[in-house]
Structure formats: structure tokens, C-alpha cells
Amino acid sequence: MLEGLMQDYPLTLHHMLHRMRDVHPDSKLTTLTAQGTRTASFGEICERVDRLARALRALGVADADRVGTFAWNNQRHFELYMAVPCVGAVLHTLNVRLFAEQLVYIIGHAQDRVIFVDDSLVDVLAPIAAQVSCVRNYVVMGDGEIDPQTLAKLPGALSYEHLLEQAGEGPFEYPSVDERQAAALCYTSGTTGNPKGVLYSHRSVCLHSTASLMSDALGLSSTDRALVVVPMFHANAWGIPHAASLCGADLVMPDRFLQAQPLAKLIESERPTIMGCVPTIFADLLRYADQNDVDLSSLTNCACGGSAVPRQLMKDFQQRHGVRIYQAWGMTETSPVATYSRPPAPPEDAEAQAQDDYWDARARQGTPLPWVQMRLVGDNGQQMPFDGLSTGEIEVRGPWIAAAYYNDPTGAEKFDGGWLATGDIACADERASLQITDRAKDVIKSGGEWISSVELENQVMAHPDVIEAAVIAKPDQKWAERPLCCVVLREGSTVSAQQLVEHLRPRVAKWWLPDEFAFIEEVPKTSVGKFDKKVLRARLSEDTLQGRVQVGSEGRV
Ligand code: ADP
């Protein structure tokens, strides 16, 4: 082999720090607090990251130690995003919405040595502190002096700002780190079995965030202001903070103020250009913005994913507020962005925008990013063609796709043969544009034929009176399974099951039409804000699902 003569420059997060310090020192990070917003420049943040690095050393954090965070999206969390991997340790972002027993499991499994916790979340963490003996220190993060009573709730708790003050000024000598070294750890929410750890490397984080800068992906640039609503404890907030450090986009972080009203105010005052979050938060924001005449015009390009993005949601945002929402698909195991949907249709042309074709294209999950390879695998292990019709389980491989779970042999079958079996069922067209039909565990098989719950939900949610829709399989003697559609109606709406069926009739195959609806008050959500069909299925089998109505009879089931 004739070896290429190029430098072997390591892909590590140190380069992100360098970009922030030396290329984009004036870019800004703004955090919403109870007292208004607080802003720091990337240059100032780098100085604090140096202090934090020294403080981590003073706490005895060594190479490869796991450092937990229990925090919302805010400046201090971002400082930890940079400092922890750059001292050679592993940033473990804990999902603050998990049940206590899951947190105990995850902290113990990761063997977190230190946990950094927002002062607003101390009361959530304190009750489990006695059960996680691996944690030697807690560091409480907040503005001003932390109330001693708050500190006393956690054993040996220290104040973040005190630590930084004591750490002193000046540059920190960062150790050199191999690009394959672990940088961050994130557990999947574990819809079945125990949560599983995905251990990102410096290299995978660097490559993933570089790819998300592409204009066919998130397209983040130095002129953007990114409102990061997707939690920093959920798959690294989709890599947006890392990507911003590379390109110098400003960051706007909402901390714990995730309701539509504070978000709307933040958008009006900070005028972000990009926002990333799951569909349920976009839907809340849309309702609020419509009712309160909110100016969303600064948002030109938004990223949405985590579950299928309803066509109608994208259409309403675009037509009523001029906001374009693009869909991404991925999972914790894929860093998370694997595909991105930037359809080629001419978006400026109003007529083309009104066409169903255009919205069908917009509702797809998109094409794989460069370096992500994708295939669809059928029931018998055969590869399915990309013909727009054939469905199969999505398998992916690439430099930011997990090769195994951290210290956990269960689930190893997902990684067979160098591909990750994602558990998502989809078809793809001739140009590899993906359309998810279901998660394997959510599929409905009626009379031997698949019904896509994702597509049915999409179509039901296109009804103007429907706020949320989740379709689950109901056991059926004749057909094996039939779709049961759980809907949340707009307040005051009297739309009937029969009317919903009439709405669906021209939109889906006849045998897809649900023969039963459940009118519920809210679709239960997971810790990251997705529809939790597991809970709905449990209610159905325990016969506690409210508001069930048989189509035609309109009587209660
Ligand atoms: P969890 O498994 O706990 O939900 P993830 O956040 O990693 O954790 O979820 C990944 C899953 O979310 C994917 O496997 C897929 O089922 C779903 N998902 C993500 N993005 C989309 C999308 N754009 N459309 C449909 N489903 C999506």
C-alpha cells in the first residue's frame, strides 16, 4: 500500500473549543432564567470551561471517569459538554424525567463519579442519592449563592460557581485524547428492558456535528441563532450545541421553561432562526402562536423528529407563519441524526406548495446523510428494494452509528454483521428517501396486511378538530388485529367517530379505516415527549381506556 501523506489530525472536541475561542469568540449563548435572560460570549464561556477543567481535576476526575449531568438546556450544561470530554472524561447526560428506579439503575450502571445538578432539580435527585454510592460528589449549579439548605440535600454537595472561582484563571493544559476515546454517554429511554448506554466517541461526535452543518441537513451556519429545545440529555440535543461550537451559530437555551408561552416570548425577544424539538412541542407552540398572534417570523428553518412529523403541522407552520419545518430521523444509537428531509420541490412556488405531492414529500423522513449507509431488511432477512412500496426493517451503518451497548450484552443481536437493526419499519423510494411506516413493536397486521399507524395518525391529525392521534392495534377475532384510534379533540369540538371516518375515507385504503375510536383527554407521553403507545396498549388490555366509541353505533364500547 502507498500510504497517503496527510496529517492524522485527531477529531476531538478540543477542536470545538479552539473554534469557539479563536474563530467565533463573539458568538453568544443566551439562557432563559426566572429573572430574564443571561448571555455570555463563546470567548467568555471558553474561559469558564478552562476553570471547569481545572475544577474537574481538583475533584479527582480522571481519564475515562463518568461525569453525570442532571440539567436542563443552559449555559452551565454547555460548559460541561465541552470541559468533561476535553479533560478525557465521559459526559453522561441523565434524563431528568426518568423514574427514580431507572435513574438509580443508570447511574449505577454508568458508575458516575460526580453529578452536576441544576439547583431547580436538586429535589428530584435528592431522594435517590442514598441509593447511588458510586457518586462521590454532587455539584449544584445555579445563579448567585446556592441556598445552604439546597446544598444540604445532597451528600458532600459543592457549588458550581464556587468551584469555578476557586479554580482560578488562565489557560488549562488539556490532555491529548485519542479520537476513538469515549466522549459522551447517553442511555436510551428503555421502552423495553433496562435502559441501554450508547457511548459516543470524540470522532463520532465530531463527524456527526460536521455533517449536520451541511445545507442538506440542519444547515447551521455562523449567521444562525439556534433555539435548542430538544433536551441536552436526549442524544446530545441532536448535536446542535456541538455543531454551533464549530460554526459559531448563537445558541438560545430555554432551561426549564418549555411551555408554549415562555418559548413564544423567547422566540419574539431572541429572534432565533432555527429551532429543534419533537412534534408535540411544535404543536403546542403552534396552538399558542395562533391564539396569541405570536411573531414567529425569525424562524426560517426548523428541525423536527423523534417521532413522525404530521404533514398538517408542517403545512400550518409554513402557511400561517412562514416557518419551514424539516424532518429528521434517527435514534440515540445513531447520534442521533441519520436521515434528513430537504425535499427538492420548489418551496417558493405557492402553487407547488399547495399540492399534495409537495406535502407528501415533506412528510418523508428524508435521505441518509453522507457516511450513513442504509438498507431495508425483510422478514426473511432478504434486502428489500428501494421502490417506494416494499417495506422492511431499517438497518444502518456509519461512523456515528453505535457498534454495541455500553457494558451490556443484551441487545447484541441488533448489531450483527456491522449493521444496526433499528426496529423501525419503512419503505424508501428510488432516491433512498425514507418513509417510516412504524416501529416494529407498533405495527398493526390486519387480515395479513400491514396498516401503518404512522400514516393513519398523520391523516387523522390533518382533521382540523384533532389535536393528537395515536393508533394502536386492537386484538380482533376475525382480522387478528384492527386499528384503534385514540384522539384528543380541540376543546368544544363535537366531531364524531363517523365524521372522522368520513374524513379518512378519501385518504387511506378502505381496510385501514378504524372501526373504533377512543376519545381521550391526552395521549400519554414518554420522558422525551413522544406518544407512549405502551401505556395506551396497557389501558386497552386492562379495559381502562376511556371514551371508546364504535364507529356507526356512536355508542360506548
Ligand atoms: P426511544 O427509543 O426511547 O424513543 P430515541 O429517542 O432514540 O429513543 O427514539 C428513536 C426512535 O424514534 C426511532 O427508532 C423511531 O422509531 C422514532 N423516530 C425518530 N425520528 C422519527 C421520525 N422523523 N419519524 C418517525 N419516527 C421517528
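This note comments on the domains, aromatic pairs and charge–ring contacts of the structure.

1. The model is predicted: local features need pLDDT of at least 70, side-chain atom pairs count only at pLDDT 80 or more, and totals for chains, interfaces and linings use all residues. Residues are numbered from 1 along each chain as its sequence is written, and side-chain values use heavy atoms, with hydrogens and water left out.

2. The protein chain is assigned domain 1 (13–25 + 40–201), domain 2 (369–439) and domain 3 (444–550); such bounds come from an automatic or database domain assignment. Between the C-alpha centres of domain 1 and domain 3 the distance is 41 Å.

3. There are 9 aromatic pairs in the structure. Rings of Phe, Tyr and Trp (its six-membered ring) pair if their centres lie within 6.5 Å; planes under 30 degrees apart count as stacked, over 60 as edge-to-face and the rest as tilted. Phe-172 and Tyr-174 form an edge-to-face pair, because their ring planes stand at 75 degrees, with the centres 4.8 Å apart. Phe-172 is buried at 15% relative accessibility, and Tyr-174 is buried at 18% (buried means under 20% relative accessible area, exposed over 50%, partly exposed in between, with a 1.4 Å probe and protein chains only).

4. The rings of Trp-511 and Trp-512 have centres 6.2 Å apart and planes at 75 degrees, so this pair is also edge-to-face. Trp-511 is partly exposed at 38% relative accessibility, whereas Trp-512 is buried at 14%.

5. A charge sits over a ring if NZ of Lys or CZ of Arg is within 6 Å of the ring centre and within 35 degrees of the ring normal. Arg-342 lies over the face of Tyr-326, 4.3 Å from the ring centre. Lys-445 has its charged end over the ring of Trp-450, at 4.5 Å from the centre.
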